[in-house]
Amino acid sequence: MEKLEIVDRLRGAVRERGRAELVIVTGTQGSSPRSAGAWMAALPDGAFAGTVGGGKVEGLAQREAAELLSSRCSRAVRYTMGGPSSDTGMICGGSIDLLYLYMDATSLPVLDEAGEVLRTRGEGALVVDASPLGEPAPDAPAHGAGSARTCTGPLGIRIERPVGPGAPVAGMAGGVYVEPLCPEGLAYIFGCGHVGRALASALFAAGFAVVACDDRPEMLAPELVPHAADRRLVDYADLAATCPIGPRDLVVSATAGHASDYEVVSQAMAAHPSYLGCLGSRRKTAFVRARLGEDGFPPEEVERLHMPVGLPIHAETPEEIAVSIAAEMIAHRRTVIVPRPH
């Protein structure tokens with residue numbers, strides 16, 4: 001998880017060197033490499049963690065973050081990425097707003113709480129009071145033309161729990177930046193055979209918090225699913241006893257048999273997760289969908305089941321299948337859970 005690593009690096013820097021700088025993408029206009037909620041940390045030893053988009057924007061951000069860290073300042077900046085006035089040399093055609101947060105010992109309680117939210121995939125939003133920076137000058141979108149606003153020292157930050165209903169997506173409004181830290185919950189994989197293990201690795205690489213589940217203890221050996229945040233021995237007939245699936249979670253069933261897949265799918269569907277997928281041939285898919293209907297699940301809920309799970313890329317090997325499933329889950333993340341602005 002990129003953000004958890006960033007938080008840990010920030011905490012370490014503040015504890016050991018007394019300061020650090022956090023850079024956050026707070027908004028974009030038009031095309032941009034990253035959307036609101038992307039983070040990068042600048043550390044006193046000259047190292048960086050995370051990314052706000054790469055290329056010229058990242059180079060500018062790194063230089064500016066290092067300068068602000070040295071001068072113990074916070075700042076808000078808009079960089080343009082297109083047209084004759086572009087200050088990045090990029091041709092994406094949009095602009096990106098960055099908030100530079102100076103952090104010192106007073107920031108540690110918030111960093112500690114943010115780390116706990118990220119580790120548990122709990123509910124909590126980062127709230128930053130950027131009002132001391134003032135509002136951007138009208139009609140001055142370019143860096144150096146009125147968009148850079150600076151103040152000395154840290155800004156007011158806190159973790160708001162639970163996340164308020166008015167802040168489903170990261171963004172700035174009225175001088176306050178609000179970002180739900182974990183819009184998605186846990187990614188449950190039921191069945192740790194060849195596909196399940198490959199999927200656990202692919203989802204870990206994409207930043208999901210994977211919970212590996214199986215009813216066979218030997219399939220949960222750490223060396224088989226090394227990237228799982230948790231490994232749980234389950235009874236497929238009673239998932240609730242070990243896996244309290246919630247509306248923020250994502251579920252994939254890849255068990256060893258038709259009957260156990262149906263047990264997982266039917267119980268997960270009753271829990272209404274954000275995403276539910278299941279491995280299956282056309283025949284198995286027809287069987288599962290028909291039985292769900294017979295068992296009283298509404299057609300619209302059955303229709304939301306991703307089965308056969310994964311994007312249709314003609315995948316054959318476990319690794320290829322894992323890529324197709326991970327790609328579909330990333331698409332769900334970016335279009336349903338945390339949609340990018342158009």
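Colleague: At what angle do helix α5 and helix α6 pack, and how far apart are their axes?

Modeller: α5 (residues 258–271) and α6 (residues 282–294) pack at about 45 degrees, with their axes 11 Å apart. That makes α5 oblique to α6. Axes here are lines fitted to C-alpha atoms, for helices over the stretch in contact, and angles run from 0 to 180 degrees between N-to-C directions. Angles under 35 degrees count as roughly parallel, over 145 as roughly antiparallel, 65 to 115 as roughly perpendicular, and the rest as oblique.

Colleague: What sort of model and numbering is this?

Modeller: This is a predicted model, in which local features need pLDDT of at least 70, side-chain atom pairs count only at pLDDT 80 or more, and totals for chains, interfaces and linings use all residues. Residues are numbered from 1 along each chain as its sequence is written, and side-chain values use heavy atoms, with hydrogens and water left out.

Colleague: And how are helices and strands assigned?

Modeller: They are DSSP runs, numbered from the N terminus: helices are H or I with at least four residues, strands are E with at least two.

Colleague: Back to α5 and α6. Is the crossing left-handed or right-handed?

Modeller: Right-handed. A crossing is right-handed if the near helix is turned clockwise from the far one by less than a right angle, and left-handed if anticlockwise.

Colleague: Which residues meet there?

Modeller: From α5, His 258, Asp 261, Tyr 262, Val 265, Ser 266 and Met 269. From α6, Lys 284, Val 288, Arg 291 and Leu 292. Contact means heavy atoms within 4.5 Å. The residues of this contact divide into five nonpolar, two polar and three charged. Ala, Val, Leu, Ile, Met, Phe, Trp, Tyr, Cys and Pro count as nonpolar, Asp, Glu, Lys and Arg as charged, and the others, Gly among them, as polar.

Colleague: How do α4 and α8 cross?

Modeller: The axes of α4 (residues 194–205) and α8 (residues 318–337) come within 8 Å and cross at roughly 50 degrees. These two are therefore oblique to each other. α4 passes α8 in a right-handed crossing.

Colleague: Which residues make that contact?

Modeller: α4 gives His 194, Val 195, Ala 198, Leu 199, Ala 202 and Leu 203. α8 gives Pro 318, Glu 319, Ile 321, Ala 322, Ile 325, Ala 326 and Met 329. By class, that contact has eleven nonpolar, one polar and one charged residues.

Colleague: Which side chains point which way?

Modeller: Ser 95, Asp 97, Leu 99, Leu 101 and Met 103 point one way from β5. Ile 96, Leu 98, Tyr 100 and Tyr 102 point the other way.

Colleague: Now the loops. Where is the cis peptide bond?

Modeller: Between Met 307 and Pro 308, with omega about 0 degrees. Pro 308 lies in the loop between α7 (299–303) and α8.

Colleague: What is phi of Arg 72?

Modeller: Near 60 degrees, a positive value in a residue other than glycine. Arg 72 lies in the loop between α2 (55–71) and β4. Arg 72 is partly exposed, at 41% relative accessible area.

Technical notes: Buried means under 20% relative accessible area, exposed over 50%, partly exposed in between (1.4 Å probe, protein chains only).
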